[in-house]
Amino acid sequence: MVDIPESLLRRSAEAKAKALGVPVEQVLAEMKGEGPAVEVPQAPEPSPAPSSPPVERGESPPEAGEGSETPEPVAVEEEAPAAVATAVEDPMAADQGDGVVEGNGAGDAQVAALVSPRPSVPPTGLPEGVRTQRLLTVVKARAIQDVKAEPHDKINTWPHLMLIEFGALLAMTALLVIMAVVIHSPLLDPANFNATPNPSKAPWYFLGLQELLSYFDPQIAGVTVPTIVGLIGFMMIPFIDRNPSTRPSDRKFAILLYSIFIAGSATLTIIGVLFRGKGFNFSYPWKDGIFFEDLADWLDFE
Amino acid sequence: MANGNGRTGLKDRIKETNDKLWNSQVVGAILRPGSPFKQGYSDSPRNRSYVVMNNVLYHLHPVKVKRHAVKLSYTLCLGGLSFFLFIHLTITGIFLMFYYTPTAELAYVDIQALSTDIAFGSLVRNMHRWGAHLMVLSVFLHMSRVFYHGAYKPPREFNWVIGVVLLLLTLLLSFSGYLLPWDQLALWAVTVGTNMAGFVPVIGDQVKFALVAGVQVSAATLLRFYVLHVLAFPFIIVIFMAVHFWRVRKDGGISGPL
């Protein structure tokens with residue numbers, strides 16, 4: 001089955017030897033299949049098997065405390081309850097004279113039971129009716145298990161996260177109600193195909209593009225920038241940026257690039273919204289007024 | 001239950017009715033076993049888990065989140081607020097649909113009536129309009145926040161792509177709604193916007209034709225934008241949002257601290 005490290009085998013043997021009152025070397029030799037089976041001088045008192053460690057899933061018994069150098073051996077009766085019996089009487093282990101390491105299936109085990117191997121030949125010379133005992137040793141999980149996942153520092157979604165979300169929801173609702181009461185949506189004259197307003201402006205989120213159109217050829221400003229750079233370029237970001245680090249100090253170039261993009265689009269949008277007047281010509285909002293209807297009511301409270 | 005007089009008191013009767021109600025099959029069918037509404041809530045780790053686990057919230061949130069995830073300064077709630085604004089826009093939008101007819105003759109008149117005649121019409125219309133602008137803003141800020149945190153890096157690359165699609169759909173939703181008041185502002189803003197679509201190489205004219213239902217913005221465009229605005233785009237964006245939220249959890253929740 002499994003190769004048990006020498007140190008663990010020795011620890012187990014020491015425990016068994018202590019329980020049986022025989023020399024450690026003798027038990028150790030027997031465990032390795034070199035020596036004769038250890039004769040049990042007398043049947044030790046049966047310990048309460050049901051409360052033995054392997055039964056308790058993932059909970060550390062007091063014996064396995066941090067300070068205990070030598071694990072306390074726990075004697076288990078042959079007719080132990082099912083959970084223990086399964087662990088102990090693994091037929092494969094018994095046949096091969098190997099130890100069995102029983103971990104907790106859930107992977108969060110604090111303890112694992114190291115079962116000393118069953119003697120290949122049952123002890124002889126015992127009076128009829130005397131039951132043999134075998135030993136379980138409590139060892140720390142970290143000694144025999146490779147824990148790969150580190151536990152995260154986590155807190156309950158309710159109430160911590162959900163209260164914050166609820167607060168954000170209320171704040172946003174309040175903002176919306178106040179905005180809706182104070183600022184009125186624009187409604188100009190009915191649509192008229194024969195009267196083109198001067199200037200004609202797109203919604204604010206497209207005004208940066210419209211601004212770009214006044215500098216560049218439509219093929220560049222109307223197509224290349226929004227679809228190639230804007231859409232496909234943004235989707236490609238995770239596949240272009242192969243730098244695995246998320247620390248700002250490691251991604252100065254990426255942050256610079258994105259900041260330039262934000263600053264650029266914000267500048268273009270602000271120019272388009274505020275600094276473009278009749279004929280989409282440059283104008284100063286403080287001199288010529290604002291030519292943007294969505295903003296018209298913002299500065300004109302009732 | 002009887003009191004000393006052998007009669008049933010009002011208090012007992014209320015309690016009895018209450019018990020009967022909460023133990024009824026109907027309530028039992030609505031509330032999942034373990035629901036705090038059913039068994040009462042006292043603050044314990046188990047009940048804290050049940051609050052999330054026993055209702056639809058479990059689709060959105062795990063029982064536990066990383067401690068740094070609840071720091072307001074980390075996310076600023078921008079993704080959640082975008083989602084909330086979408087819900088808000090759906091609710092106010094349904095209200096507006098009751099009073100709006102997407103025809104060239106009636107659209108403008110209906111919007112006028114909303115502003116003057118209908119109870120809360122002006123308030124709801126304003127909320128819908130400003131909510132839409134805020135949603136564009138919050139989705140964009142959410143994207144910026146994700147970029148600055150490097151939260152698009154593996155294993156979250158695909159969710160970033162979904163997010164870009166969601167930004168595009170948000171813009172399309174907002175843009176298609178822009179035409180519906182059918183006033184001069186709406187007509188000419190959409191004319192400017194759809195003219196840009198005409199610059200697409202090779203298929204530019206076809207794209208524009210499909211978008212405005214003709215060679216230029218007309219009454220047919222109004223119906224087209226209306227259907228896109230109230231049905232097609234919301235339908236598509238909900239599907240992408242579902243994938244987006246699902247991937248947030250499957251990719252290990254919110255990204256780690258910097």
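**Exercise 1. Determine which residues, leaving aside neighbours within four places in sequence, are in contact with Thr194(B), and whether Thr194(B) is buried or exposed.**

*Solution.* Step 1. Contact means heavy atoms within 4.5 Å. Leaving aside its neighbours within four places in sequence, Thr194(B) has contacts with Phe175(B), Lys208(B), Leu211(B), Val212(B), Val217(B) and Phe225(B).

Before the next step, the basis of the values is stated. This is a predicted model, in which local features need pLDDT of at least 70 and side-chain atom pairs count only at pLDDT 80 or more, while totals for chains, interfaces and linings use all residues. Residues are numbered from 1 along each chain as its sequence is written, chains are lettered from A and ligands numbered from 1 in the order in which they are written, and side-chain values use heavy atoms, with hydrogens and water left out.

Step 2. Thr194(B) belongs to helix α10 (residues 184–197) of chain B; helices (H or I, at least four residues) and strands (E, at least two) are DSSP runs, numbered from the N terminus.

Step 3. The relative accessible area of Thr194(B) is 0%, so Thr194(B) is buried. The classes are buried under 20% relative accessible area, exposed over 50% and partly exposed in between (1.4 Å probe, protein chains only).

Step 4. A polar atom of the Thr194(B) side chain lies 3.3 Å from the backbone oxygen of Thr191(B).

**Exercise 2. Describe the interface of chain A and chain B.**

*Solution.* Step 1. In contact are 73 residues of chain A and 72 residues of chain B.

Step 2. The buried area between the two chains is about 6900 Å², and carbon and sulfur atoms give 72% of it. Buried area is the accessible area (1.4 Å probe) that two parts lose on being put together, summed over both.

Step 3. The rule finds 2 salt bridges across the interface, a salt bridge being a side-chain nitrogen of Lys or Arg within 4 Å of a carboxyl oxygen of Asp or Glu. One of them joins Arg67(B) and Asp153(A), with the closest N and O atoms 2.9 Å apart.

Step 4. On the side of chain A that touches chain B, α6(A) gives the largest share, 18 residues.

**Exercise 3. State which strand of chain B pairs with β5(A), and in which sense.**

*Solution.* Step 1. Two strands pair if DSSP finds at least two bridges between them.

Step 2. The partner of β5(A) is β1 (residues 64–66) of chain B, in the antiparallel sense, over 3 bridges.

Step 3. Within this pairing, Lys64(B) in β1(B) stands opposite Asn156(A).

How values were computed. Polar contact = N/O pair within 3.5 Å; in protein donor to acceptor, adjacent residues only side chain to side chain.
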